[in-house]
Amino acid sequence: MPIHTLDNNYWVLETDHTAYALGVNTAGALVHAYWGERLPVPTDYPAAPDAIFHASFTGAGHMWPEEYVGLTGLKYVEPALSVSFADGVRDLVLQVVGGAVAGDTLVVTLRDAHYPLRVELHYRAHAAHDLIERWAVVHNDGAPITLERVFSAQWQVPIGRSYRLSYLSGRWIDEFQLHRQPLSPGVFVRESRRITTSHHASPWFALDDHAGETHGEVWFGALAWSGNWKLAAEVTDFGRTRVSLGLNDWDFAWRLGAGERFTTPACLGGYTQDGFGAASRRLHAFVRDNVLPHGRSPHKVLYNSWEATTFSVDVESQSKLAELAAEMGVELFVMDDGWFQGRNSDDAGLGDWWPDPKKFPDGLTPLIARVNALGMDFGLWLEPEMVNPNSDLYRAHPDWVIHFPTRARTESRNQLILNLARADVQNYLITTIDKLLSDHNITFIKWDMNRNVSEPGWPAAGDRQREIWVRYVEGLYRVWGTLRERHPNVVWQSCSGGGGRADLGILRLADQVWVSDNTDALSRLNIQHGYSQMLPADTMEAWVTDINAGRISLDFRFHVAMQGVLGVGGNLLHWSPAERAKAARFVAQYKEIRPIVQNGELYRLIEPSDSSPYVVTQYVNIARSEAVIFAFRRIGGGADAMLDGYHAIDPSQPAALKLQGLDPDARYKITGQGAARSGLAWMRAGLTVALGHQESKILRVRRVDDSGS
Ligand code: GLA
């Protein structure tokens, strides 16, 4: 039983290695008591804290680590819930009713002291993954109220320490840049106001005070939501640190009628003593086991025609590429943009999801049959949420887009956003895409979204228009979820001009993510490093393309992409026979190591940083019998380094690697490293790898029996 109840007012959620405790303090508030290593017995956990100090300017409630803050009295911290009652009262007095445990979930119910408003705080212990999943449900049993903020969780960490926040930020073609920054008193906010998760920030965090990749305490979390979200990392003037995470309250208002309830997205949180690497591995395993629609099943090597043919697609051009792709061992051929009604550039066609009769006079079937005959699956690009004003759909339904009637409709990439909050829009998309999938042997869809919102109006919703931020995403989930149910074998990719929609919410629908439109292999090392903090390699689509092919070798480009779900996106018509033969060898090698990369555990041996020219990752299979090391040198020495502004890099400097994750007592052989040695030896004494300017290498690690074979 992972959840203990003490004295009916104190609860301990245990996972295999961690524990999370909360309870009611002497003033009756639900407060956080402990989040850390699991202790021997339930009575080992500290009592629910009371206030340690307060003055006439600050009430006791400001001081204690409340689990879910409602603002009342002399409290000025970040609230989790803000409501406006029917009579205009905006003060929330949440009192604990009690807690109930069912299986792995604790529900603590709070109730307002005056109004018939109940808040259920749900805590689910994922024992084997060492994670706690939290969400809140607000019930209104009285006159209509307005929810102005409703977060999923507030995570408290031990008082009196100076924390560093790790977060991901970036922009289009530069997503998932990892930052670590000390927190100081005040509130540091990361958020999305773009109606989608965004390229600019990710709903993920880690807090530490002196952790590294392999050691130290880390508290971390991620939100399962694909729309506007907000993370507020707060340090009070009294030394308390908390991270609040949930739906963004910016421009948000939700009317909750009598008898209605509102459920927040789920937020995961975890604790480890083993550094940032262990924190990521916990999220990776959870995503594989509990989130992805197809779980741990292998992801196919794909070819995508976008960079080769852009909008100029037809049976002939695609068939030529498909033949070359099949020769290389590609398993899935994906035709990108350009195939549907009127689509010759980005200024027309979105919304009209049937094959363009000029390009495909006999429909898509002849091409699909050709691809299937070559032994490959067929996949297709769609951008369902969008419409070009130059489309049959828009001409028929100009009111279906997000807009304010008295304002211009700002176009971006010549397109507008369909209002997926509307049931008629949802139904149109379900019917149209369902037909496409029912009529064809399509097993993969790349679901794209190439702009963010402007003029966020929903005229038909009257005074409830601010609900669009949530209802749009719920509509998206409904459309995608219905299509998933009807076509369970289709694998979906989440793309939003690259990595604009990568989160634990969308991964309940999509098995993989197009991480960035930036396919430069050197940039990818950083982008993939950031992405891997939150999400696993089997969701991380990575293509070998022609970007900077003159400068970066095919080997380097393949090695970078082989760290995720391998794809090829270059123009194969321009590749020489020798290059294609080499590519075929890489694809074959990838298939051999695929179970280790896609299903194994990631260890970062050398992170991208200015202090080393190397970047090295290691993937270890679950049985710890095999591992694969990817080693890259981004910059050489001498003239190469000086051209790139690095003056002090020794050209002969090798990468010193201490492996991780091996069985210390087993013996392993490593490519080019001589005789077998113990796992402990490889992990403590390690090995060195020397590479030149922009060289890379894959090393295989194999467990051998005592005879060394
Ligand atoms: C976006 C995607 C690309 C490609 C184009 C097609 O930019 O990220 O991979 O699909 O759209 O228009």
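Helix α9 covers residues 521–534, and at 1.5 Å a residue its 14 residues should span 20 Å; the end C-alpha atoms lie 20 Å apart, which agrees. The structure is a predicted model, and the values that follow are computed from it.

Of its 14 residues, 12 are buried, so the helix is largely enclosed by the rest of the structure. The buried residues are A521, L522, R524, L525, I527, Q528, H529, G530, Y531, S532, Q533 and M534. Buried here means under 20% relative accessible area. R524, one of the buried residues of α9, also takes part in a contact with an aromatic ring: its charged end sits over the ring of W514, 4.7 Å from the ring centre. A contact of this kind also involves R180, whose charged end sits over the ring of F276 at 3.6 Å from its centre.

Rings also pair with one another. A pair of aromatic rings is described by the distance of the centres and the angle of the planes. Searching the whole structure gives 28 aromatic pairs. One of them joins Y20 and Y123, with 5.9 Å from centre to centre and 45° between the planes, a tilted arrangement. Y20 belongs to strand β3 (residues 18–24) and Y123 to strand β8 (residues 117–126); the two are 103 residues apart, and the pair links distant parts of the chain. Y20 and Y123 are both buried. Another pair, Y619 with F630, is edge-to-face, at 5.7 Å centre to centre and 85° between the planes. Here Y619 lies in strand β32 (residues 614–620) and F630 in strand β33 (residues 626–633), so the pair ties together parts 11 residues apart in sequence. Y619 and F630 are buried too. Y20 and Y123 also belong to a cluster in which ring pairs link them with W35 and W155.

The last feature is empty space. Rolling a probe the size of a water molecule over the atoms shows where such space is left. The largest pocket holds about 540 Å³. Its lining is made up of 25 residues, and A278, R281, R282, E601 and Y603 are the ones nearest its centre. Helix α2 (275–291) and strand β31 (601–606) each supply at least two lining residues. The largest share, 7 residues, comes from α2. By type, the lining of the largest pocket divides into 7 nonpolar, 9 polar and 9 charged residues.

Definitions and conventions
Residues numbered from 1 in each chain as written. Predicted model: local features only at pLDDT ≥ 70, side-chain atom pairs only at ≥ 80, totals over all residues. Heavy atoms only, no water. Helix = DSSP H or I, 4+ residues; strand = E, 2+ residues; numbered from the N terminus. Expected span 1.5 Å × (residues − 1). Buried < 20%, exposed > 50% of the residue type's maximum accessible area, 1.4 Å probe, protein only. Phe/Tyr/Trp six-rings, centres within 6.5 Å; stacked < 30°, edge-to-face > 60°. Lys NZ or Arg CZ within 6 Å of the ring centre and 35° of its normal. 1 Å grid on protein atoms, 1.4 Å probe; cavity = no way out; pocket = protein on both sides within 12 Å on 5 of 7 lines; lining within 4 Å. Points joined across faces, edges and corners; volume = space filled by probe spheres on them. Nonpolar A, V, L, I, M, F, W, Y, C, P; charged D, E, K, R; others polar.
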